[in-house]
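Please find below some brief notes on the structure for discussion. They are set out as numbered points.

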Amino acid sequence: AWESEQLLDETAAAMAMESFHGVSLDFGGILSAEVRRALYKAEKFASLGGDELAAMMAFIGGASRLSKAIEGVKENGAPPPELSPLRTITSRMTPHPEVANKIRECVDDVGEFKDTASPELRKARAQRASAEGKIRRVLQSFGGSVTTHQGRFVLAVMPPAPPGSLVVGVAAGGAMVLIEPPSVVALNSELASTLEAEETAIDGIRRRLTYDVASVVVDLVACLDAVTRLDVIAARGRQAGALNACRPKFIAPPGGGFAGISGKGAGRFGSMDDDTADAAAAAARAADATAMFPTGVQGAADEDVKDVGYRSSYKGDGELLVELAGLRQPVLAAQAIRAQTLARRAAAAKAALKRAGGGKGGNAGGVGDDDEQDDTEWLLSNGGGA
């Protein structure tokens, strides 16, 4: 019950924040699946890619905005008490915005590494741009269309290929020949070396940023769990608002609290130990029996007859009392009707024995009384077969 009340408090807090205070819980831009995969890789010190670093940057920024939005809600200069469940969650969030700033300096929003990420990358990209421009100028002097093939700049010309040129492939279904003039081979090799230097610089940046994420991976995992929980709470609150739902109330049963509740919930609903629970169960069974047979067996005042009637209903030969949730009252009602039938039969038998005894004289009356008691007990104990 206490957990249910806690969940209801969280849902009510989300509804109050968005409906009453007018502050929306914004989870836009957070890619939880990509972030969780990136955190798992960072924990193993596996280098993160540009897209994973971009997702991590967006997650840290979104978590920081979410925490500030919840903590920033004030009412007369003080935090509203109804938002305490949300503040409890955000108090455990440590998004580490400094890590997001380091990623932002090196990676853009789409996962591409910036030229300013490192001096080595800036130098490698400058050399690549220079080599590409030189190759294009040389190829354009030969005429034809400049294109790339397997990472190298080539020239597409009509067959046959010029003498001395290196044929690297065909294009347009054989209508064009891809050639690499001898003067361009060395330039392409220079371009390949600049591309390799660029990849080496990017790998260094990836490892450095991965170590930054790995150093705070425990806090980021806890932050991701908190953001996920807030997302679920916001969804419950918005669904409750759309349905115009009202909050249910839990009421303790009469005479005791909810059994098995301890800690915070015990103060509200109370607790019940094993002995008290057993005594309460016995009292409930006794109350059921009293409601079923308020005078034992109707029409009989003898205590022995009452006991016989009670045993017949509960412990008769070949009988079994079955108690099912939801069907308890119909079963007990049927037993009460059966007891009333047995009582009426016993009263009829007693009357018949008296009439028979009165017709036979005084001695017969005494014998009739003994027979009457035996017949009554037999009827009550074997009423199921009658």
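1. Which residues have the most contacts inside the largest nonpolar core? In this predicted model, they are Met 56, Phe 59, Ile 103, Val 213 and Val 227, within a core of 51 residues. At least two residues of this core are supplied by each of the helices α1 (2-20), α2 (32-43), α3 (50-71), α4 (84-90), α5 (97-106), α7 and α8 (217-243). The largest share, 10 residues, comes from α3.

2. Ile 103 deserves a separate remark. Leaving aside residues up to four places away in sequence, Ile 103 touches Leu 53, Met 56, Met 57, Leu 209 and Val 213.

3. There is also a second, separate core, which has 11 residues. Among them are Ala 131, Leu 139, Val 177 and Val 184.

4. The next point concerns a pair of helices. Two packed helices are described by the angle between their axes and the distance between the axes. For α6 (residues 119-142) and α7 (residues 182-214), the angle is about 160 degrees and the axes are 8 Å apart. Angles over 145 degrees count as roughly antiparallel, and α6 and α7 are therefore roughly antiparallel to each other. Their crossing is left-handed. The residues of the contact between α6 and α7 comprise 15 nonpolar, four polar and six charged.

5. Is Arg 125 buried or exposed? Arg 125, which lies in helix α6, has a relative accessible area of 16% and is therefore buried, the cut-off being under 20%. Not counting residues up to four places away in sequence, Arg 125 touches Phe 113, Lys 114, Asp 115, Glu 198 and Ile 202.

Key: Residues are numbered from 1 along each chain as its sequence is written. This is a predicted model: local features need pLDDT of at least 70, side-chain atom pairs count only at pLDDT 80 or more; totals for chains, interfaces and linings use all residues. Side-chain values use heavy atoms; hydrogens and water are left out. Axes are lines fitted to C-alpha atoms, for helices over the stretch in contact, and angles run from 0 to 180 degrees between N-to-C directions. Helices (H or I, at least four residues) and strands (E, at least two) are DSSP runs, numbered from the N terminus. Angles under 35 degrees count as roughly parallel, over 145 as roughly antiparallel, 65 to 115 as roughly perpendicular and the rest as oblique. A crossing is left-handed if the near helix is turned anticlockwise from the far one by less than a right angle, and right-handed if clockwise. Ala, Val, Leu, Ile, Met, Phe, Trp, Tyr, Cys and Pro count as nonpolar, Asp, Glu, Lys and Arg as charged, and the others, Gly among them, as polar. A nonpolar core is a set of buried Ala, Val, Leu, Ile, Met, Phe, Trp, Tyr and Cys residues joined through side-chain atoms within 4.5 Å. Buried means under 20% relative accessible area, exposed over 50%, partly exposed in between (1.4 Å probe, protein chains only). Contact means heavy atoms within 4.5 Å.
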